[in-house]
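Thanks for making time this morning. I would like to walk you through one structure, taking the contacts between its parts in turn, so please keep the view open while I talk.

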Amino acid sequence: MRLSARVDYALRATAELAVGGDRPVTAVQLAEAQQIPPKFLENILSQLRRAGLVRSQRGPEGGYWLARPPSEIFLADVIRAIDGPLVGVRGERPEHLGYEGPAKALQHVWIALRASERFILEQVSLADVASGELPPSVHALTEDPAAWDSPAFRH
C-alpha cells in the first residue's frame, strides 16, 4: 500500500484534532504541531470538511474540529476522503475488472488485498491513534508481520 503525502498529512491533522475535543483548532496550529505545510493543509482540511469528517468556523474564535467523536472516525474514512477507494486498479474497483487467461486470478488478489487493508484501516479509529492504544490485531502485526494466523485476527 502506498499512502500519498496528502493522506499522511490528513491522518496526522485529524489525529491532532482528536485530542482537541470540541474546541476549534486553527490550520496554523495544526500545521505547526504536525510540521505540515500550512497552504497544503488548508486544501486537505477543505476535503475533509466536504467529506463530513471535520467542521469549521471562521473568525477570531474559528478553526477546525472533528464532525464526529474520534472513536467513530476510522483511518479508512480519512484515506477515502482524500484519495478515494482503498484499492483501485487503473481507477476501477477490483470487482469491475475482467482479466482473462493466466491473469484471471489477479482480480481475486486485488479483492483480497483490499479486504486485508480494510481489516486494519476500518478498525483503527482516530481515538485509537491519538491515545496510542491500538487494537490487539495491529499490535500483533507490528510485533510479527506474519501473525495473520494469530487469534487476534479471528472474529
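**Rings, helices and a hairpin**

Phe-40 has a relative accessibility of 29%, and it counts as partly exposed; please keep in mind throughout that this is a predicted model.

A search through the whole structure turns up one aromatic pair. The ring centres of Tyr-9 and Phe-40 lie 5.4 Å apart with the planes at 90°, and since an angle over 60 degrees is the criterion, the pair is edge-to-face. The two residues come from distant parts of the chain, 31 residues apart, with Tyr-9 in helix α1, residues 5-20, and Phe-40 in helix α3, residues 38-50.

Helix α1 also packs against helix α2, residues 27-34, at an angle of about 110° and with the axes 10 Å apart, and the two helices are therefore roughly perpendicular to each other. Which residues of α1 and α2 meet here? From α1 there are Arg-12, Ala-13, Glu-16 and Leu-17, and from α2 there are Leu-30, Ala-33 and Gln-34.

Let me finish with the strands. Strand β1, residues 54-57, pairs with strand β2, residues 63-66, in the antiparallel sense over four bridges, and within this pairing Val-54 stands opposite Leu-66 in β2. The two strands form a hairpin with five residues between them, and in the turn Gly-59 has a positive phi of about 105°.

Notes: Residues are numbered from 1 along each chain as its sequence is written. This is a predicted model: local features need pLDDT of at least 70, side-chain atom pairs count only at pLDDT 80 or more; totals for chains, interfaces and linings use all residues. Side-chain values use heavy atoms; hydrogens and water are left out. Rings of Phe, Tyr and Trp (its six-membered ring) pair if their centres lie within 6.5 Å; planes under 30 degrees apart count as stacked, over 60 as edge-to-face and the rest as tilted. Buried means under 20% relative accessible area, exposed over 50%, partly exposed in between (1.4 Å probe, protein chains only). Axes are lines fitted to C-alpha atoms, for helices over the stretch in contact, and angles run from 0 to 180 degrees between N-to-C directions. Angles under 35 degrees count as roughly parallel, over 145 as roughly antiparallel, 65 to 115 as roughly perpendicular and the rest as oblique. Contact means heavy atoms within 4.5 Å. Two strands pair if DSSP finds at least two bridges between them.
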